[in-house]
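Please keep the sequence and the structure in view while reading.

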Amino acid sequence: MDARTLRWTDGSWSSPLPDWDGERTLVVALGSRASADDGRWPLRLREAYPHALITGCSTAGHLDDGHVDDGLTATIVRFASTDLVSAAVELRAERSFDDGRALADALVADMAAPRLVVALSDGVAVNGGQLVAGLAAGLPAGTTVFGGLAGDGDRFEQTWTLVGDRPVAGHAVVVALGGGSLSVGLGSRGGWRTFGPERRITRAKGNVLFELDGEPALDLYRHYLGHRAGELPASALLLPLSVRNDADDPNPVVRTVLGIDTDERSLTFAADIPEGGLGQLMWVTVDGLVGGAGDAAAAAMRSLGGGDEPVLALGVSCIGRRLVLGRRVEDEVDAVAEVLPPGSHHVGFYAYGEISPLADGRCGLHNQTMTLAVLAERD
């Protein structure tokens with residue numbers, strides 16, 4: 001397996017695209033929302049790789065071996081024996097579960113037993129939790145799902161995924177990887193801590209939270225954000241919500257705000273909020289986030305089974321983490337690199353939601369984590 005990342009600058013790639021065309025070549029383009037306006041780079045990629053599988057999405061910044069970039073990059077991966085198939089779907093309002101199931105059915109029709117499915121979805125026109133649930137429901141046991149929701153910086157206005165060599169809004173794309181030599185390790189960690197009382201979710205519908213303990217959810221966030229309340233919804237990323245289905249639920253999930261409704265005084269999250277469940281606000285330090293990233297890398301390597309050979313590390317981190325880290329954003333990328341074997345290639349992006357298995361093994365949507373998939377081809 002070989003991997004190389006190039007940057008698109010002033011109408012050309014930073015170095016010649018490697019001569020790696022073939023059906024086992026995967027190209028992943030990651031860029032800002034504005035990069036969709038330049039139609040040259042998708043054309044250049046397809047001209048160089050007519051037989052490759054090309055995918056990608058918009059981001060809130062992307063990772064390239066220790067650097068965080070806000071332009072456009074393309075990572076070309078040439079596998080030795082891993083097979084690739086893909087599928088895409090136009091997302092429909094209130095039908096995210098069905099859309100996820102349709103993606104799974106399309107993949108399984110072409111590859112009976114995928115080892116890994118990489119999912120990239122529009123980040124604002126979707127219920128990410130339902131999309132992932134539908135995808136997982138249609139895939140065979142033993143398939144790992146990994147990926148993220150596309151980003152738009154901290155604006156939450158419009159995102160794109162690459163479908164048919166065109167960056168378009170309102171779509172989700174998936175890539176299935178299979179073959180006997182592919183090994184995959186997963187790790188996902190946050191570093192956030194809860195604070196204040198655990199509140200009852202007294203009114204919620206789908207991924208919209210209306211009330212906590214009978215009070216408007218937006219009012220609570222405005223109170224705790226103080227002078228930063230005027231920056232909503234972006235500033236809500238500084239206060240994620242830990243959510244449990246009930247007091248006996250041992251596996252809380254972290255949820256972040258994607259939008260607000262000032263008339264309803266409600267918050268829209270990246271996945272469903274269970275009415276009758278429990279929610280608790282969270283906070284974090286920079287060192288906590290950096291430590292969480294390193295722990296995610298260590299967990300991924302353990303899941304892979306260790307080894308000293310270089311790996312391809314695909315990372316999806318949360319835009320909320322980037323906002324908290326500020327100028328120290330590359331510290332969490334460095335924390336991952338310190339754990340990976342020498343010579344490894346680490347790429348990925350800042351997202352509106354991270355996709356990987358939950359603590360109980362079910363595939364789910366995370367927020368505010370560094371989530372990693374490490375890949376190796378082993379005999």
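Helix H5 has its buried residues covered by, among others, strand S14 (182-189), helix H6 (319-325), helix H7 (329-339) and strand S28 (370-377); contact here means heavy atoms within 4.5 Å, and helices (H or I, at least four residues) and strands (E, at least two) are DSSP runs, numbered from the N terminus. This is a predicted model, in which local features need pLDDT of at least 70 and side-chain atom pairs count only at pLDDT 80 or more, while totals for chains, interfaces and linings use all residues. Residues are numbered from 1 along each chain as its sequence is written, and side-chain values use heavy atoms, with hydrogens and water left out.

The buried residues of H5 are Leu289, Val290, Gly292, Ala293, Gly294, Ala296, Ala297, Ala299, Ala300, Met301 and Leu304, where buried means under 20% relative accessible area, exposed over 50%, and partly exposed in between (1.4 Å probe, protein chains only). The end C-alpha atoms of H5 (residues 286-304) are 28 Å apart, which agrees with the 27 Å that its 19 residues should span at 1.5 Å a residue, the expected span being 1.5 Å times one less than the number of residues. Just after H5, Gly305 takes a positive phi of about 100°.

An open sheet of six strands, with mixed pairing, runs in the order S6-S5-S25-S24-S28-S14; two strands pair if DSSP finds at least two bridges between them. Its edge strands, S6 (67-69) and S14, each pair on one side only, and neighbouring strands are turned by 20° against each other on average, direction ignored. H5 packs on this sheet, touching S14 and S28, and its direction makes about 150° with that of S14; axes are lines fitted to C-alpha atoms, for helices over the stretch in contact, and angles run from 0 to 180 degrees between N-to-C directions.

| Strands | Bridges | Direction |
|---|---|---|
| S5 (residues 62-64) and S25 (residues 345-351) | three | antiparallel |
| S24 and S25 | seven | parallel |
| S24 and S28 | six | antiparallel |

Strand S24 (residues 312-318) is mostly covered, with seven of its seven residues buried. Leu312, Leu314, Val316 and Cys318 point one way from S24, whereas Ala313, Gly315 and Ser317 point the other way. The bridge partner of Ala313 is His346 in S25, and that of Val316 is Thr371 in S28.

Beyond its neighbours within four places in sequence, His62 is in contact with residues including Leu30, Gly31, His67, Asp69, Gly348 and Phe349. The side chain of His62 also makes a polar contact with the side chain of Thr59 (3.3 Å), a polar contact being a pair of N or O atoms within 3.5 Å, of which, within protein, one must be able to donate a hydrogen and the other to accept it, while residues adjacent in sequence count only if both atoms are side-chain atoms.

The cysteines form zero disulfides by the rule that a disulfide is a pair of cysteine sulfur atoms within 2.5 Å. The sulfur of Cys57 lies 14 Å from the closest cysteine sulfur, in Cys318, which is too far for a bond; Cys363 is likewise in no disulfide, and the nearest cysteine sulfur to its own, that of Cys57, is 16 Å away. Cys57 is buried, with a relative accessible area of 0%, and Cys363 is buried with 17%.
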